Amino acid sequence: MEELPNKMTQTSQGTMPVADRLIFLIFAILICIPFIAPLGLPLKISPSTQTYYNYLVNVKPGGVIIWSEEQSFANWPELGPAEVSTYYLLLKSGHEKGTKFIVVSPNTDGAAVADRIFKQLKPEIDAWGLKYGVDYANLGYVTGLEAMYALVVRDFQALTTRDYYGTPVGDLPIMTGLKDVRNFDLMGFCISTSAESYMRQWWGYANSLGITIPILNNVQAAGAPINAPFVSTGQLSGMVSGLRGGAEMERLSGKLGFGTISIDAYSITHLYAIGLIITANVWFFTKGRRKKE
Amino acid sequence: MALEIGPLLVQLMTGFIIVGAWSYLYKGVNPIYRIIEVSAVGIFLGFGWYLALDVLNKQIVIPIQNGNIAAVFIPLVLGLLLYTRFSPKTAWISRWPTAVITGIGLGIAVQALPKAQILAQLKVGSWVGPTPLAAFSNIIYTVALFSTLSFFIFTVKQKGVVGSVAKVGRFFMIIAFGAILGGFLMTNIAAPIGNAGDLMQTTGGQIVTVVAIIVLVISILYDRSRNRKVV
């Protein structure tokens, strides 16, 4: 039997060609450098992030904020920084203006991610004197996806019987008087892909009632181009995307964290990726000339 | 500064998992990588099971204990019927709960779709913008919309004017796909940066990194001594 080419043989055995491994090795070194010696590259706040931030800090006193936590732990490095900043600002708003912050999760990881963020912000929560069940709540994982999104805006009390920690929802004072979208002042969601389901159920129902409610979205960079049309139409009031958005949010909120530290690595690896694309294209388009020579 | 043993163990474990996964880049599928791979699947499955049982407990078991059997009876029966799939003889019964789930999901989604995803989007097609750049953007948007749609008209042969317009649409699609692909690149870069943070910013991660570099150097020297062509 004819022997397979070297590259194919290597790949079928589960190892990568040398050139590919070298590319990843350089990549690994590049992402580690800024953690050892920060470069302090400039970061400009984008208008999109600024709008998102403005909505978060301008909730009316005593307003109710509903947040859908749909990120998984796998997305934490990218979505985590903006999400921590978002929770920080909304809890701060609860301290300063008495707003109420309720999180619900349509995926299995989301509730645990929300719990992780609340635990991370425990020093601030304690310092501000915020109480669980009164000022903020984590309703946990609720099944149903599309049906669940619809229930949030149509019949909020029927969403779940117990919160993430097993407390009956009826025992949480924060839930008192919350029936549907008409009782909310700000809505938002953190997601890795498309916002279509939220637009159909949240924006669609609010629009059918003649209500304009700001809806915010923290999305992965991969999902940003898909959700951008909803920002153009005003269906999404604000959108923050990717690790860069996270770093911008940290700068705006004043609570610096992983986003700020890692943004140098993010920039440097993008320059590396651009360099690789240019090199590969030059190599490809000069292949014919090299053959002639 | 004293370091607590609990967090250090977590950091060491995290570092080991990251370095173990990255070992694929040097050695391909190796025993450490396999351990990490199957552990990740196992942990994820275990976590999923825990959450599923938790939901069943909160939504079904506790209401039954409190005497609210009527409220959960129909969901409970439909849920149990799903398990009839396990027997070929009774598998057909599972179509009923599947149909209910699909029907409800589709019904809720479809009734809201035209307004949110078609009509609201069409409203953007205004020629007038607040700034010259916005007006230009609206024109581009309109051209992109119609030229891309023309690419998918299969009842007319794509020749002449229709063919030319479709070709323009193809370029707009290439640009859109490029933007999405670029987004995926950004997303995929963020994940290893998160891992690098765990390795570089914690004591346990730094210990694992140093050990990994030493092991890597020894491995390269060992491979060379045996004349293996690895790197």
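**Exercise 1. A proline in a helix**

Is A:P34 buried, partly exposed or exposed? Find its place and its contacts as well.

*Solution.* First, a note on the model. This is a predicted model, where local features need pLDDT of at least 70, side-chain atom pairs count only at pLDDT 80 or more, and totals for chains, interfaces and linings use all residues. Residues are numbered from 1 along each chain as its sequence is written, chains are lettered from A and ligands numbered from 1 in the order in which they are written, and side-chain values use heavy atoms, with hydrogens and water left out.

Step 1. Take the cut-offs: buried means under 20% relative accessible area, exposed means over 50%, and partly exposed lies in between (1.4 Å probe, protein chains only).

Step 2. A:P34 has 2% relative accessibility, so it counts as buried.

Step 3. Locate the residue. A:P34 belongs to helix α2 (residues 18-36) of chain A. Helices (H or I, at least four residues) and strands (E, at least two) are DSSP runs, numbered from the N terminus.

Step 4. List its contacts, meaning heavy atoms within 4.5 Å. With neighbours within four places in sequence left aside, A:P34 is in contact with A:D264, A:A265 and A:I268.

**Exercise 2. The sheet**

In what order do the six strands of the open sheet run? Describe the pairing and the helices that pack on it.

*Solution.* Step 1. Two strands pair if DSSP finds at least two bridges between them.

Step 1. The order in chain A is β3-β2-β1-β4-β5-β6, and the pairing is parallel. The edge strands are β3 (136-141) and β6 (238-241) of chain A, as each pairs on one side only. Neighbouring strands are turned by 15° against each other on average, direction ignored.

Step 2. Check two pairs. In chain A, β4 (residues 186-191) and β5 (residues 215-219) pair in the parallel sense over five bridges. Here A:G188 has A:L216 in β5(A) as its bridge partner. β1(A) and β2 (residues 100-105) of chain A also pair in the parallel sense over five bridges. There the bridge partner of A:S68 in β2(A) is A:V104.

Step 3. Axes are lines fitted to C-alpha atoms, for helices over the stretch in contact, and angles run from 0 to 180 degrees between N-to-C directions. α8(A) touches β1 (64-69), β4 and β5 of chain A, and its direction makes about 170° with that of β4(A). Helix α10 (residues 242-253) of chain A touches β5 and β6 of chain A, at about 110° to the direction of β6(A).

**Exercise 3. Strand β1**

How many residues of β1(A) are buried? Sort them by the way they point.

*Solution.* Step 1. Six of the six residues are buried, so β1(A) is largely enclosed by the rest of the structure.

Step 1. A:V64, A:I66 and A:S68 point one way, while A:I65, A:W67 and A:E69 point the other way. In a regular strand the side chains alternate between the two faces of the sheet.

**Exercise 4. The cores**

Which residues have the most contacts inside the largest nonpolar core?

*Solution.* Step 1. A nonpolar core is a set of buried Ala, Val, Leu, Ile, Met, Phe, Trp, Tyr and Cys residues joined through side-chain atoms within 4.5 Å.

Step 1. The largest core has 39 residues, and those with the most contacts are A:V152, A:F156, A:F184, A:M187 and A:M199. Helix α8 (residues 196-208) of chain A gives the largest share, six residues.

Step 2. A second, separate core of 32 residues includes A:V59, A:Y88, A:L90 and A:W128.

**Exercise 5. Aromatic rings**

How are the rings of A:Y132 and A:Y165 arranged?

*Solution.* Step 1. Rings of Phe, Tyr and Trp (its six-membered ring) pair if their centres lie within 6.5 Å; planes under 30 degrees apart count as stacked, over 60 as edge-to-face and the rest as tilted.

Step 1. The two centres are 5.2 Å apart and the planes are at 90°, so the pair of A:Y132 and A:Y165 is edge-to-face.

Step 2. Check accessibility. A:Y132 is partly exposed at 29%, and A:Y165 is partly exposed at 43%.

Step 3. Widen the view. A:Y87, A:F101, A:F118, A:Y132, A:Y136, A:Y164 and A:Y165 form one aromatic cluster.
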